[in-house]
Amino acid sequence: MSLVITPNSKQALSAKQQLQLLALPPAKRIRLLKKLGRFERKLARQRIRTQTTVNGKKFAGRSDGKKTKVLKRMGKTLEPYVKASKRLELKHKNSFTGRIAALHQEGGSERMTASRMARIHGKPNYKAPCTRSQAKALAAEGYKVRRAKGKGYRRATIKEIAGSLTHGKATLVLSELRGQKSRKSWPIPVKARPFLGDTTANVQRELATILNQLNKRG
């Protein structure tokens with residue numbers, strides 16, 4: 001995902017500023033666009049810190065309900081690149097990071113595999129006690145245990161589940177209760193969280209400011 005800016009006569013610079021921009025030697029034009037790129041990068045990083053979109057709205061929450069911030073590292077690898085001294089691209093150094101950023105910018109679906117999940121989070125210890133989140137999920141699905149007295153079963157408490165099931169057993173039982181089959185891959189929906197971009201008016205204001213600074217320095 002990249003932010004592309006190509007100053008041209010159709011944008012909101014004054015006629016005098018347009019002529020000044022066209023008259024700049026390539027080296028100065030590159031310097032101007034690089035500075036504009038650093039300005040836009042600063043805005044993108046600020047949006048990630050405040051978890052707000054280009055339009056000032058709050059980022060869509062995580063699908064797992066956790067309150068931790070999203071896209072925390074996406075601003076660190078943004079770099080401004082100038083092509084042919086007239087085209088600015090603000091993009092990620094790493095192409096894989098760029099694809100992930102584009103997915104969050106525009107929204108979509110990411111395919112996850114068991115092997116990739118293991119690389120990201122590590123292979124789980126199936127013999128360890130089940131997690132509290134597993135226990136809560138099982139309780140919500142109506143997991144039952146045998147009654148201590150009398151016949152039949154009753155719904156188990158979260159504490160009982162956490163104290164009696166291993167991670168592996170809880171994973172298996174939860175899949176059975178939900179009617180899920182073992183899968184080698186599955187889609188993960190990703191909500192749009194546009195953090196990269198700007199309005200033409202804002203870009204032109206900053207461009208005009210930088211242009212004036214360059215003219216003063218000579």
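**Figure 1. Leucine 71 in a loop of the predicted model.** Leucine 71 is found in the loop that runs between helix 2 (26-50) and strand 2 (78-83). The structure shown is a predicted model. Although leucine 71 is not a glycine, its phi is positive, at about 60°. Is leucine 71 buried or exposed? Its relative accessible area is 8%, and residues under 20% count as buried, so leucine 71 is a buried residue.

Figure 2. The loop between strand 2 and strand 3 (87-92) holds alanine 84. Here too the residue is other than glycine and has a positive phi, with a value near 55°. The relative accessibility of alanine 84 is 63%, and the cut-off for an exposed residue is over 50%; alanine 84 therefore counts as exposed.

**Figure 3. The protein chain as a whole, for orientation.** The protein chain contains eight helices and seven strands. Of its 218 residues, 34% are buried. The accessible surface of the chain comes to about 14,300 Å², and carbon and sulfur atoms account for 53% of this surface. Among contacts between residues at least 6 apart in sequence, 70% join residues at least 24 apart.

**Figure 4. Packing of helix 5 against helix 7.** Helix 5 spans residues 132-140 and helix 7 spans residues 167-177. The two helices pack at an angle of about 30°, and their axes are 10 Å apart. Because angles under 35 degrees count as roughly parallel, helix 5 is roughly parallel to helix 7. The crossing of these two helices is left-handed. Which residues make the contact? Helix 5 contributes Gln134, Ala137 and Leu138, while helix 7 contributes His167, Ala170, Thr171, Val173, Leu174 and Leu177. Of these contact residues, six are nonpolar, three are polar and none is charged.

Figure 5. Gln134, Ala135, Ala137, Leu138 and Ala139 are the buried residues of helix 5. An α-helix has 3.6 residues a turn, so residues three or four places apart point the same way. After helix 5 comes glycine 142, which has a positive phi, near 85°.

**Figure 6. Cysteine 130 and its surroundings.** Cysteine 130 is placed in the loop between helix 4 (114-121) and helix 5. Its relative accessibility is 7%, so cysteine 130 counts as buried. Which residues does cysteine 130 touch, not counting residues up to four places away in sequence? They are Ala135, Ile161, Ala162, Leu165, Thr166, His167 and Ala170. Cysteine 130 and threonine 166 are 36 residues apart in sequence, yet their C-alpha atoms are 4.8 Å apart in space.

**Figure 7. Serine 185 in strand 7.** Serine 185 lies in strand 7, which comprises residues 185-190. With a relative accessible area of 30%, serine 185 is partly exposed. Leaving aside residues up to four places away in sequence, serine 185 touches Arg111, Met112 and Thr113. Serine 185 and methionine 112 are 73 residues apart along the chain, and their C-alpha atoms are separated by 5.5 Å.

Notes:
Residues are numbered from 1 along each chain as its sequence is written. This is a predicted model: local features need pLDDT of at least 70, side-chain atom pairs count only at pLDDT 80 or more; totals for chains, interfaces and linings use all residues. Side-chain values use heavy atoms; hydrogens and water are left out. Axes are lines fitted to C-alpha atoms, for helices over the stretch in contact, and angles run from 0 to 180 degrees between N-to-C directions. Helices (H or I, at least four residues) and strands (E, at least two) are DSSP runs, numbered from the N terminus. Angles under 35 degrees count as roughly parallel, over 145 as roughly antiparallel, 65 to 115 as roughly perpendicular and the rest as oblique. A crossing is left-handed if the near helix is turned anticlockwise from the far one by less than a right angle, and right-handed if clockwise. Contact means heavy atoms within 4.5 Å. Ala, Val, Leu, Ile, Met, Phe, Trp, Tyr, Cys and Pro count as nonpolar, Asp, Glu, Lys and Arg as charged, and the others, Gly among them, as polar. Buried means under 20% relative accessible area, exposed over 50%, partly exposed in between (1.4 Å probe, protein chains only). Accessible areas come from the Shrake-Rupley method with a 1.4 Å probe; for residues, only the protein chains shown count as cover.
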